[in-house]
Amino acid sequence: PGIFRRTADELFPYLEQAHLQGLGESTISPFWPEILEICRPYCGDIRFSIVTNLNKKDDGMWREMVRMGFRLSFSCDGATAGTFETIRHGSSFSRILSNLEVIREARASLKGPGLGFLVTLQPVNYREMPLFIDLAARYGAESVLFSNMQGDTGILNRRLFAPIKRAAMRLSGKGPAE
């Protein structure tokens with residue numbers, strides 16, 4: 001926190017945007033509450049963002065991050081409990097959904113900033129692409145970004161594109177509801 005405070009004091013007055021990311025999940029750091037307090041005076045002047053796996057159960061922290069204007073990008077591994085918990089061992093899909101609901105409610109009541117989903121496609125989850133879009137829509141996400149792991153070329157096929165396109169059209173409001 002001391003280094004972060006000195007860096008913030010020196011650089012934050014000149015920034016428009018700050019993406020706070022370490023190696024791994026930043027919100028589990030014991031220093032995260034202090035980091036948020038260091039950021040607080042700059043809220044409104046700086047657009048803060050973070051990539052998170054939403055694994056930490058702390059409703060107050062998620063609400064406060066929305067209140068502070070953080071853009072949250074959720075690194076999502078599966079759109080169903082089975083797939084999610086297979087990829088992210090030791091994680092709880094129900095806890096993730098609970099955190100998404102807290103964030104959805106906070107964003108709705110506070111007119112909070114954006115929420116996006118980041119999905120790394122893998123052989124175990126790529127068939128859930130339409131479900132990722134539906135999940136993102138259910139929790140008010142503004143975007144879903146799909147990327148593939150290096151070397152996993154060709155996992156998509158034509159049969160997947162029609163349901164993905166329909167789901168994307170529903171999310172964008174440009175297609176019929178199902």
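Which residues are buried in helix α3 (residues 59-67)? They are Met61, Trp62, Glu64, Met65 and Val66. Buried means under 20% relative accessible area, exposed means over 50%, and partly exposed lies in between (1.4 Å probe, protein chains only).

This is a predicted model, in which local features need pLDDT of at least 70 and side-chain atom pairs count only at pLDDT 80 or more, while totals for chains, interfaces and linings use all residues. Residues are numbered from 1 along each chain as its sequence is written, and side-chain values use heavy atoms, with hydrogens and water left out.

**The chain**

Seven helices and five strands make up the elements of the chain. Helices (H or I, at least four residues) and strands (E, at least two) are DSSP runs, numbered from the N terminus. Read from the N terminus, the order is α-β-α-β-α-β-α-α-β-α-β-α. The chain has 178 residues, of which 40% count as buried.

Contact means heavy atoms within 4.5 Å. Of the contacts between residues at least 6 apart in sequence, 72% join residues at least 24 apart.

Just after α3, Gly69 has a positive phi of about 90°.

A nonpolar core is a set of buried Ala, Val, Leu, Ile, Met, Phe, Trp, Tyr and Cys residues joined through side-chain atoms within 4.5 Å. The largest such core holds 43 residues, and those touching the most other members are Trp32, Phe48, Met65, Phe70, Leu72, Leu100 and Phe117. At least two residues each come from α2, β2, α3, β3, α5, β4 (115-121) and α6 (129-138). The largest share, seven residues, is supplied by α5.

**Two residues compared**

Met65 belongs to α3, and Glu34 is found in α2. The table leaves aside neighbours within four places in sequence.

| Residue | In contact with |
|---|---|
| Met65 | Thr27, Trp32, Leu36, Ile50, Phe70, Leu72 |
| Glu34 | Pro1, Arg5 |

Glu34 is partly exposed, with a relative accessible area of 38%. The C-alpha atoms of Glu34 and Phe4 are separated by 9.7 Å, and these residues are 30 apart along the chain.
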